[in-house]
Amino acid sequence: MKLCLLLNVIDPKIGGVMIMGDRGTGKSTTVRSLVDLLPEIKVVAGDPFNSDPEDAEVMSQEVRQRVEQGQDLAVAFTKINMVDLPLGATEDRVCGTIDIEKALTEGVKAFEPGLLAKANRGILYVDEVNLLDDHLVDVLLDSAASGWNTVEREGISISHPARFILIGSGNPEEGELRPQLLDRFGMHAQVGTVKDAELRVKIVEERARFDEDPKTFREGYKATQEDLQKQIYEARRRLTNVKIEHDLRVKISKVCAELNVDGLRGDIVTNRAAKALAALRGREEVTPQDILTVIPNCLRHRLRKDPLESIDSGLLVVEKFSEVFTKQLISV
C-alpha cells in the first residue's frame, strides 16, 4: 500500500491506487499521512484550478487565453493538494456550479469551482469508494477519462482541467466496485490485519505514544520523514531519465496477454510503475526485480474473475511472471 502511494506521487500518470482491506487496518490514516510527503508544484498565482504555467494541457481556459494574448503569468509554488470527496457530496459540490443570475445580468460566466477544480494536479481521495453513489461514479469516470470537467446549465457551458491522482479505499465486505471505475485505478493494494502478536503490540504502543504527546511523537520521526521527502524529490527529478529495455517491455506485455488482461492499460501502468520504482531506488535502468515488485498491484484488479478460483489474483500474476521470465532465461 505505501509503495503504491509513493510511486503515484513520483509519477501521477500511473493513475492512482485502490486500497481494499479489513476495517481498522490504517488505510485512511496512511493515505492522509501522505500530505506531509507531497512535493511542491509550480502554479499560476490566484488561479482556482492550479493551472500549470508551462503546460497548456493543464491550463484553465482563462489562463490559456492570457498566454495567447502574450500576458505575463504570475507564478507561485504550492504543495500538491489532497481533496477528500465525501460520500454524501452533491454533484454541484463535486463539479462546481454556475451562477445563472450573475451570468444573465452581468454577462460573465460566473463559476463557483467544486472539488474537481481543487483536486486538479493533486490527489482526490474517496474513502469507502465502493459505497459512492452511481451518479458521482459517472462524474469521476468522465473526468478520469478526459482529464476535463464540464459543467452545463441553462445553455451555459464551462470546462476546466481535472487531472488528479484518484485514491480510493474500502472494505470488500461492503460491496464490490463497478468494473469501469476499478479499471481506472492504476494500482490495487490489498491490506490484511496483522497476525504477528509482537507487531500488533508495537502498533498499540505507538498509538498510545501518539495519543499521549502528538508533538513529541512527530518530532521522533521528523528526520526519517525528511529523508523520505528528499528521496521522493530526487526520484521525481530522475524519472525522465529512467529507461526500460525493449525486451522487458515485451515480457510485460506477454504476461498481460497470457493472463487475458482486457485492454492495454495494464501494460502501460506496469511500465510506468516499474520506472517510478527504479527512480525511487536511485537507478536509471529498470530491472526484472522492479517489474516483479509492481506487477501484482498493476494487474490483480484487471484479471477476469472466475467464481471457482480460490487463489489470490496477485499470486496468479506472480506465477505467470515467473513462467514468462523462466522461458526467456531458458531460451537465452
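These legends walk through a few views of one predicted protein model. In this predicted model, local features need pLDDT of at least 70 and side-chain atom pairs count only at pLDDT 80 or more, whereas totals for chains, interfaces and linings use all residues. Residues are numbered from 1 along each chain as its sequence is written, and side-chain values use heavy atoms, with hydrogens and water left out.

**View 1. The fold of the protein chain.**
Here you can look for 15 helices and eleven strands; helices (H or I, at least four residues) and strands (E, at least two) are DSSP runs, numbered from the N terminus. Along the principal axes, the C-alpha atoms fill a box of roughly 70 × 55 × 40 Å. Of the contacts with a separation of 6 or more, 73% are between residues 24 or more positions apart, where contact means heavy atoms within 4.5 Å.

**View 2. Inside and surface of the protein chain.**
Of the 332 residues, 43% count as buried (buried is under 20% relative accessible area, exposed over 50%, partly exposed in between, with a 1.4 Å probe and protein chains only). The chain exposes about 18100 Å², and carbon and sulfur atoms supply 50% of that area; accessible areas come from the Shrake-Rupley method with a 1.4 Å probe, and for residues only the protein chains shown count as cover.

Thr240 sits in the loop between α11 (222-238) and α12 (246-258). Thr240 is exposed because its relative accessible area is 66%. Asp11 is 229 residues away from Thr240 along the chain, yet their C-alpha atoms are separated by 9.9 Å.
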